[in-house]
Amino acid sequence: MGKSGKSGKSGKTVIPFGPQHPVLPEPLHLKLVMEDEIIVEAIPAIGYVHRGLEKLTEVKEFTQNVFIVERICGICSMMHAQAYCQGIETLMNIQVPDRAKYLRVIWGELHRLHSHLLWLGLLADAFGFESLFMQVWRNREKVMDIMEETAGGRVIISVNAIGGTRRDMSPEVLRKVAVIADEIKEDMMQLEKVFMADYTVKHRLVGVGVLEPDVAYEFGAVGPMARASGIKQDLRTTGYAAYGELDFEPVVETGCDSYARTMVRLREVYQSVDLIKQAIGKIPDGETSVPVKGMPNGEVISRVEQPRGEVLYYLKANGTKNLDRLRIRTPTFANIPTLLKMLPGSQLADVPILILTIDPCISCTER
Amino acid sequence: MFEMIGNIFRNLSSKPATRKYPFEKRPAFKNARGQISGIDIDQCIFCGICQRKCPADALKVTKAEKSWEIDQFKCIICGACVEVCPKKCIKMEDEYKTSAYKKEAYKAVQNTAPQPPAPKED
């Protein structure tokens, strides 16, 4: 029985999914056209958390915008500010000190760590595995504590500024971060068994929401979605910030299903721990920021790999303190078409898992 | 099975993962961005840089009145004002406070004369 009306002869029912649903942290609305328990078509409706932040950036000064773009989304706030700062730095030809680049990598990977741990917990919660959810989030709390200690905030850490970073980490703090990163890795090694081998977990994930590599490529999937379908695409390999000097390979799985996407994020947790330790080992001494003089002029596209995939910032400046235009394309926006491709043909009971595996961030998408 | 028994004993003997909050409070981290608690108004030179840099328009500096005002409901605790202040007189506390009961802005006014009777006016 659907809440909306039946559409006559074909016997199709429209079931609204969201905007309020236990599995969704944010309001995403899907109209699911059903035939019995099988989805025939999914029609998305977004726009519930539009706040007009792109317009707001046009009336604020370009230095103040760092704080605004950070508030687009909590979970990837650091990368939003990083993408914006890197764009402005390119426009103004600012050479960021090496130490600031490494600090950006460390904070960025801490953010990726906490985002993936959050997602793994939410996934466990979505299929009703409450204790797993709590175990994963207990680990996440350690990352949040590091961020509060090093940056001053748990989620909106506000460390990026145009020309470098606003804070520095002392050698003792860096050593502590490395130790805690190891602890998180150890704890995740124990939980990994549950995600990889537990019968109920596999039953809900394996073979659900298969996204073939060519379809993923055609629909423009980004981030873990693309990498779980065997596409070796990771913007960090382009070597922005200090990633060019670190040794890593994009995590690629070839399973193409929800299980593969879980594995990609699980392995990226280890990759982030590894990158944090590499960066701590290589970090040079020196300044963390350079003074900024003048105004930006021209246009630039700045891209950064967020936990959910590639974020694209288009900046157009006109030589005054205000920007002409700031356009943001977020990873979830790029992944929604693949979700709509995956949904038809699947069971209604699998919809929460499918929506969750794209790791939706609706406040990013709508800004 | 053995692993499970081990886990049971470990959980029985270990401390809980959570804090018993109202009785046991976590001390705030040093240098955390908790709250802009006020200003050392005697140091302030009323240059107005903090007001211009505030991304949330929460600050109001009046040179004529020699006053500094913050709207805590607008403040996003980014700490930009603390950084740009040339006299370093804006105070940041590392502990986050609960919300206020009254919707009144914090206002500090500098007394210029040594001991005047009451030059304050709101």
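Predicted model: local features only at pLDDT ≥ 70, side-chain atom pairs only at ≥ 80, totals over all residues.
1. Strand 2 (residues 59-62) and strand 3 of chain B run antiparallel, with four bridges joining them.

2. Trp68(B) and Ile70(B) make up its covered face, while Ser67(B) and Glu69(B) are on the uncovered one. This strand also pairs with strand 5 (residues 106-109) of chain B, in the antiparallel sense and over four bridges. In that pairing, Trp68(B) has Ala108(B) as its bridge partner.

3. Now the contact between the chains. Chain A puts in ten residues and chain B nine. On the chain A side, helix 2 (65-70) and helix 5 (130-151) each supply at least two residues. Helix 5 of chain A gives the most to that side, with three. Sorted by class, the chain A side has two nonpolar, four polar and four charged residues.

4. On to the nonpolar cores: the largest has 119 residues. Among the residues with the most contacts inside it are Val66(A), Tyr84(A), Trp107(A) and Ile276(A). Helix 4 (residues 98-126) of chain A is the top contributor, giving 14 residues. Which residues does Trp107(A) touch, leaving out those up to four places away in sequence? They are Met78(A), Ala151(A), Ile157(A) and Val159(A).

5. Chain A has an open sheet of three strands in the order 1-2-3, paired antiparallel. Strand 1 (13-17) and strand 3 (38-45) are its edge strands, each pairing on one side only. From one strand to the next, the twist averages 25 degrees. Five bridges hold the antiparallel pairing of strand 1 with strand 2 (residues 29-35) of chain A, and Ile15(A) stands opposite Leu32(A) of strand 2.

6. There is also an open sheet of three strands in chain A with the order 6-7-8, again with antiparallel pairing. Why is one side of strand 6 (297-306) and of strand 8 (323-329) left without a neighbour in the sheet? Both stand at the edges and each has a single partner strand, so one side of each has no neighbour there. The twist here averages 10 degrees from one strand to the next. Strand 7 (residues 309-318) and strand 8 of chain A pair antiparallel over six bridges, with Lys316(A) opposite Arg325(A) in strand 8.

7. Last, helix 3 of chain A by itself. This helix covers residues 77-92, so to speak, 16 residues in all, and reaches 23 Å from its first C-alpha to its last, close to the 22 Å expected at 1.5 Å a residue. Is helix 3 of chain A mostly covered or uncovered? Mostly covered: 14 of its 16 residues are buried. Just after the helix, Asn93(A) takes a positive phi of about 55 degrees.

Key. Residues numbered from 1 in each chain as written. Chains lettered and ligands numbered in written order. Core = buried A, V, L, I, M, F, W, Y, C linked by C-beta atoms within 7 Å. Buried ≥ 20, exposed ≤ 12 C-beta atoms within 10 Å, placed from the backbone. Contact = placed C-beta atoms within 7 Å. Pairing = 2+ DSSP bridges. Axes fitted to C-alpha atoms, helices over the stretch in contact; angles between N-to-C directions. Nonpolar A, V, L, I, M, F, W, Y, C, P; charged D, E, K, R; others polar. Expected span 1.5 Å × (residues − 1).
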